[in-house]
Amino acid sequence: VPGRALVAVLIAAVVTVAAAAFALGRGVASDSGGSSTAATSTGPAAVPANATGVEIKDFAFNPANVTVKVGTAVTWTNDDSVGHTVTTDNGSLASQELQQGQTYSSTFTTAGTVSYFCAIHRFMTATVVVEP
Ligand SMILES: [Cu+2]
């Protein structure tokens, strides 16, 4: 029956528009947030594919070695109660002293291996391997 087919098409169109509006709303919300990490962790689509995280915990970077593609943003989060830094000798990474809960991010735009350390506790060393 042609009439019923038309109704089905209309319903499909409305659902599509609603889904698009919902997705758009989520995008705008996460862009304007800045520190909306908690809000955006509710769905897998909210976590960018070109981002990864390193936890600083118990005087160690975890994982100590991460491999990422060029263009990837790495975010370090200090979960220790003492301050740490994310530092390289050449200054390519130079965080402030991160207190508990604070984060530092850097986007890696050049392939290669970046060895870094905590400037306060020089025994804390780790690497980021950046693949082309
Ligand atoms: Cu440290």
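Pro-63 is located in the loop that separates strand 2 (61-62) from strand 3 (65-69), where strands, like helices, are DSSP runs numbered from the N terminus (E, at least two residues, for strands; H or I, at least four residues, for helices). The peptide bond leading from Asn-62 into Pro-63 is cis, with omega near 0 degrees. The structure is a predicted model, in which local features need pLDDT of at least 70 and side-chain atom pairs count only at pLDDT 80 or more, whereas totals for chains, interfaces and linings use all residues. Residues are numbered from 1 along each chain as its sequence is written, and side-chain values use heavy atoms, with hydrogens and water left out.

The loop between strand 1 (51-56) and strand 2 contains Asp-58, and Phe-59 is found in the loop between these strands as well. Asp-58 adopts a positive phi of about 55 degrees although it is not a glycine, and Phe-59, likewise not a glycine, has a positive phi of about 60 degrees. For context, most residues other than glycine have a negative phi, and most peptide bonds are trans. With a relative accessible area of 59%, Asp-58 is exposed, while Phe-59, at 37%, is partly exposed; on this scale, buried denotes under 20% relative accessible area, exposed over 50%, and partly exposed the range in between, as computed with a 1.4 Å probe on protein chains only.

Strand 3 runs parallel to strand 7 (residues 125-131), to which it is joined by 5 bridges, pairing being assigned where DSSP finds at least two bridges between two strands. Within this pairing, Val-66 has Val-128 of strand 7 as its bridge partner. Strand 7 is also joined to strand 6 (residues 112-117), in this case by 6 bridges and in an antiparallel arrangement, with Tyr-116 standing opposite Ala-126 of strand 7.

The copper ion has as its protein donors His-84 (ND1), Cys-118 (SG) and His-121 (ND1), which lie 1.9 to 2.2 Å from the ion. Donors are here N, O and S atoms within 2.8 Å of the metal (3.2 Å for Na, K and Ca), and because water is not among the atoms, sites may look incomplete. Along the chain, the donors of the copper ion follow the spacing H-x33-C-x2-H. Cys-118 is buried, having a relative accessible area of 0%, and His-121, at 15% relative accessibility, also counts as buried.
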